[in-house]
Amino acid sequence: LKRLPGRRLCQSPQAPESSAHASAGAASGFRASAAAGAMGKERAAKRREYFPRLLQLLLEHPRVLVVSADHVGSKQLAGIRVALRGQATVLMGKNTKIRTALRQQLQQQPQLQALLPLVRLNVGFIFCRADPAAVRAVVQQHKVPAPAKQGVTAPTDVFIPAGPTGMDPGSTGFFQALGISTKIVKGQIEIQQAVQLIRRGERVSAS
């Protein structure tokens, strides 16, 4: 408070505003730190639960499938879990965690040594209660085609089949640039013979 000449005592207009800003900033910082702390505790709890669960599954299931999970979406994985309910348990995880758990269990189950070289890239475990062949058949039913992305390693060969394309004759130049032989049949472009675009194991390029 300060006294102005010939006027009543008045309050500085900036004091409460700056105080309010400071209080709001402190509250916001507290909420952010509290949220970060809660997330950290949740992640730590999940890490602690993962090892006992993996070790328990290894003890209870003598048969396990190691599957590649490259390009598998969360929705697709959820569908596989539902389809295998009662037959098998799907467990994903970081390779470092999986290797650590396997090494801890080697004294009790020396046969797990065979799994260690397989824990590379993006893999998951399916612990089988039912016949592994039947479990594998269920997983195969959930395979879906996915678009090729530049830079990834092709998991399979990719062909353009022979036959009609549904494209009008004006697009003939596109196929000529790719070296694909075509002909015009009933007003549309038709590919004369199947063409292999990508070979399994090769990196997908822009061309």
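β8 and strand β9 (residues 188–191) run antiparallel and are joined by 4 bridges. Strands pair here if DSSP finds at least two bridges between them. The model is predicted: local features need pLDDT of at least 70, side-chain atom pairs count only at pLDDT 80 or more, and totals for chains, interfaces and linings use all residues. Residues are numbered from 1 along each chain as its sequence is written, and side-chain values use heavy atoms, with hydrogens and water left out.

**Sheet β7-β9-β8**

- The 3 strands form an open, antiparallel sheet in the order β7-β9-β8.
- β7 (163–164) and β8 (182–185) are the edge strands; each has a single partner strand, so one side of each lacks a neighbour in the sheet.
- Two residues separate the strands in the hairpin of β8 and β9, where K186 takes a positive phi near 55 degrees.
- β7 pairs with β9 in the antiparallel sense over 2 bridges. I191 in β9 is the bridge partner of G163.

**Largest pocket**

- The volume of the largest pocket is about 1200 Å³.
- A pocket is an open set of points on a 1 Å grid over the protein atoms alone, where a 1.4 Å probe fits, with protein on both sides within 12 Å along at least five of seven lines.
- Grid points are joined across faces, edges and corners, and the volume is the space filled by probe spheres set on the points.
- The lining counts 34 residues, with S68, D70, V72, K143 and P155 nearest the pocket centre. Lining residues have an atom within 4 Å of a point.
- By class, the lining holds 22 nonpolar, 7 polar and 5 charged residues. Ala, Val, Leu, Ile, Met, Phe, Trp, Tyr, Cys and Pro count as nonpolar, Asp, Glu, Lys and Arg as charged, and the others, Gly among them, as polar.
- β3 (64–68), α2 (74–83), β4 (88–92) and α4 (132–141) each supply at least two lining residues. β3 gives the most, with 4 residues.
- The pocket lies between domain 1 (43–142) and domain 2 (152–204), because both give residues to its lining. Domain bounds come from an automatic or database domain assignment.

**Whole chain**

- The chain has 5 helices and 10 strands. These are DSSP runs numbered from the N terminus: helices are H or I with at least four residues, strands E with at least two.
- Of the 207 residues, 22% are buried, meaning under 20% relative accessible area with a 1.4 Å probe and protein chains only.
- Among contacts with a separation of 6 or more, 71% link residues 24 or more positions apart. Contact means heavy atoms within 4.5 Å.

Key
Buried < 20%, exposed > 50% of the residue type's maximum accessible area, 1.4 Å probe, protein only.
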